[in-house]
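My notes follow in the order I worked.

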Amino acid sequence: MAGVIVFAEQHGGEIHPVSFELLSKGREVADRLGVELYSVLLGYNVKNIASELIYYGADRVYVFDNPLLEVFDPVRYKHIIASLAIRKKPELILFGATPLGRSLAPRVAVALNTGLTADCIDIRVDEEGDIVQVRPAFTGNIIAYIKTRTRPVIATVRYRVMKPPRRDLERRGEIIVEEAEVLEDTGIKVLKKVRDKEVRLADSEIIVACGRGLRRPEDIRMIEELARLLGGEVGASRPLVDEGWISRDHQIGFSGNVVKPRLYIACGISGSPQHLAGMRDSEVIVAINIDPSAPIFRVSDYGVIGDLYEVIPKLIEKLRSMGRG
Amino acid sequence: MGLHVIVPVKYVPDIEKVRFDVKSGRIDRSSAPGEINPFDLNALEAAVRIKEKLGGTVTAISMGPPQAESALRDALARGVDRAILLTDKRFAGADTLATSYTLACAIRKLGSFDLIICGEKTVDGDTGQVGPEIAEHLGIPHIAYVSEIREVSNDRILVVSDLGDGYYLVEMKLPGLIAVTKDINVPRLPTLRDKLRARKAIIEVWSADELVDVADVSRFGYVGSPTIVHRVFFPSERGRKAIIFRGVDAVDKLVEVLIEEGLLG
Ligand SMILES: Cc1cc2nc3c(=O)[nH]c(=O)nc-3n(C[C@H](O)[C@H](O)[C@H](O)COP(=O)(O)OP(=O)(O)OC[C@H]3O[C@@H](n4cnc5c(N)ncnc54)[C@H](O)[C@@H]3O)c2cc1C
């Protein structure tokens, strides 16, 4: 029995949208391979959300509902997914390249003794019928096509790189509630949530980001005001995070968030490869920088050459005069 | 007493300087000097701090070419007690499955340990997979994206970890593995004296032969790697408009185009 399996990531009964993107990609791949598309959902009191996975393309959803599965435990989750994969023998298993997916997929891959490709931006089937995993490498400077010679092929896929999926309420499928053996003691105990993320930049449509062009931590307020007027969020380059001016939740780049907003405004950011790795796919990029030779201008749609301490207050004033905020 | 902490480290090319050979699909390692993976510095610092608090030893282990010795010297200068270099042609061309398998076998060979600390990912591979894969090979629990260590004792560790929808307090029994982020600490710089000491220290070199009693040699290196790079190319940069405004009316012009783009809706 072959198939494509999409891991449905949920937190507190809410399915992470990357799972829907994976289903629509998984649907495409399953159709090309002529196999079924399954989704696997783990959690507690999650039976009622399983139908969503069908609306987004799954033929069958395997639900594992148990109080022990309420919060993520990589060992417990791995055990269930690997056992399911051993029974179903899928061609491909997809996970979101989220903190959870990136922690879980490697364990599943080792348990199944198969290859894993991280952080893909596309999954295709080539003329030979092989599954091809597309991923950026080398800080996003190159793109690699990767094939896996073992089965299943396993990949984590970035959020928001695929086209938005379609929700079809007419779609029918089967929901199978599985009684599985759930490991009691894995050595891991999630005690409590300490804090939420300050922002979810991956979801933001407008981001105003600041870099070392800022002179003082309190000047971030000016960036916040601009972001507020535009209806967006504040992002930052890594030096500001390292200095402790702003929390890491705001960092954009290779070691921070990868974002794809409709509008990205880079203020006093030079445009290092590590920064570009996190924002180069934004719809419209605007750069404000005093240095005309700053590399950020090379990836920008619009640039303002000037001192951000003059440009941004002016921009704020202009937006206010237009009745915004 | 004290803990035996193991830190796997990687020798990586200086990513700012290194060139990529698109024809061969490989990093041209001769084009830039190598260094210790920057993310591993946080793992080393975390390990050394645990040793300072509870006693014990820290072992660094690296799989790589003979030059990777320099990464281990750096680790020694930063407070590691023992350094092991896994180097052999049979290890070459490994993907994350083969790499994690090889490192796990070497760790098994070392005997007992309490905690493995990995960096978040490497600057060249950029996968973050090797840590959790090592844990699965060894059958121990792991916690990834650890941004804070709250408590460590001889049999458990309490950390803050990013589980995706927020930061959680998570307890893990030892032996176990954690993968730490940049937030965990600010790595100290080694002093000149540390560096001199490290220069004289002994680095144990293991080949595949040293692992035969704990490993299946066919799972090492390229042969043991299920993923293959099929093709690489430079991405076509999407055409950017590159319209530049400067001078007194720059802001007005910018606002105009943002309206045109429908971004001030
Ligand atoms: C392993 C690794 C991972 C990394 N990960 C990341 C990451 O995730 N994200 C990230 O951002 N970086 C990352 N970096 C760091 C990266 O290499 C750069 O150092 C960093 O992006 C530079 O930040 P910046 O552009 O704010 O600062 P700079 O490069 O110093 O640029 C500041 C810019 O501000 C401009 N400026 C100065 N004054 C003004 C003014 N008054 N008005 C207008 N413009 C002004 C300057 O012309 C300059 O272009 C990483 C580095 C490494 C080694």
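This is a predicted model: local features need pLDDT of at least 70, side-chain atom pairs count only at pLDDT 80 or more; totals for chains, interfaces and linings use all residues.

**Entry 1: a strand inside chain A**

I looked up strand 11 (residues 153-157) of chain A. Which residue is the bridge partner of A:C120 in strand 11 of chain A? I found A:V157. That bridge belongs with the pairing of strand 7 (residues 116-120) of chain A and strand 11 of chain A, which is parallel and runs over three bridges.

Strand 6 (residues 92-96) of chain A also pairs with strand 11 of chain A, in the parallel sense over five bridges. Here A:L94 has A:A155 as its bridge partner.

Next I checked burial. Five of the five residues of strand 11 of chain A are buried, so the strand is largely enclosed by the rest of the structure. In a regular strand the side chains alternate between the two faces of the sheet. I sorted the residues by side: A:V153, A:A155 and A:V157 lie on one, A:I154 and A:T156 on the other. Both faces are covered.

**Entry 2: helix 3 of chain A**

I turned to helix 3 (residues 74-88) of chain A. It has 15 residues and reaches 21 Å from its first C-alpha to its last, close to the 21 Å expected at 1.5 Å a residue.

I looked at both ends. At the start, a side-chain oxygen of A:D73 comes to within 2.9 Å of the backbone nitrogen of A:V75. Just after the helix, A:K89 has a positive phi of about 45°.

Is helix 3 of chain A enclosed or open to the outside? Eleven of its 15 residues are buried, so I noted it as largely enclosed by the rest of the structure. The buried set includes A:Y77, A:I80, A:I81, A:L84 and A:A85.

**Entry 3: the cores**

I went on to the largest nonpolar core, which has 69 residues. The members that touch the most others are A:F95, A:L104, B:V5, B:V7, B:L115, B:I117 and B:I178. Helix 3 of chain A gives this core its largest share, seven residues.

Beyond its neighbours within four places in sequence, B:V5 is in contact with B:A47, B:I50, B:T57, B:V58, B:T59, B:L115 and B:I117.

I traced an open sheet of six strands, ordered 15(A)-14(A)-16(A)-17(A)-18(A)-15(B), with parallel pairing. Strand 15 (233-236) of chain A and strand 15 (243-246) of chain B stand at the edges. Each has a single partner strand, so one side of each is left without a neighbour in the sheet. Neighbouring strands are turned by 20° against each other on average, direction ignored.

Within this sheet I followed strand 14 (residues 206-210) of chain A, which pairs with strand 16 (residues 263-267) of chain A over five parallel bridges. A:V208 stands opposite A:I265.

Helix 5 (residues 220-230) of chain A lies across strand 14, strand 15 and strand 16 of chain A, at about 165° to strand 14 of chain A. Helix 6 (residues 250-260) of chain B packs on the sheet as well. Among the strands helix 6 of chain B touches is strand 15 of chain B, and the two directions make about 145°.

I found a second open sheet to record, with four antiparallel strands in the order 8(A)-9(A)-10(A)-14(B). Its edge strands are strand 8 (122-125) of chain A and strand 14 (227-233) of chain B; each pairs on one side only. The twist averages 30° from one strand to the next.

I checked where the chains meet in this sheet. Strand 10 (residues 142-148) of chain A and strand 14 of chain B pair in the antiparallel sense over six bridges. A:I146 stands opposite B:V229 there.

**Entry 4: B:D126**

Last, I looked up B:D126, in the loop between strand 8 (115-119) and helix 4 (130-138) of chain B. Is B:D126 buried or exposed? Its relative accessible area is 8%; buried means under 20%, so B:D126 is buried.

The side chains of B:D126 and B:K121 make a polar contact of 3.1 Å. Across in chain A, the contacts of B:D126 include A:R102, A:D119, A:R135 and A:F254.

Key
Residues are numbered from 1 along each chain as its sequence is written. Chains are lettered from A and ligands numbered from 1 in the order in which they are written. Side-chain values use heavy atoms; hydrogens and water are left out. Buried means under 20% relative accessible area, exposed over 50%, partly exposed in between (1.4 Å probe, protein chains only). A polar contact is a pair of N or O atoms within 3.5 Å; within protein, one must be able to donate a hydrogen and the other to accept it, and residues adjacent in sequence count only if both atoms are side-chain atoms. Contact means heavy atoms within 4.5 Å. Two strands pair if DSSP finds at least two bridges between them. Axes are lines fitted to C-alpha atoms, for helices over the stretch in contact, and angles run from 0 to 180 degrees between N-to-C directions. The expected span of a helix is 1.5 Å times one less than its number of residues. A nonpolar core is a set of buried Ala, Val, Leu, Ile, Met, Phe, Trp, Tyr and Cys residues joined through side-chain atoms within 4.5 Å.
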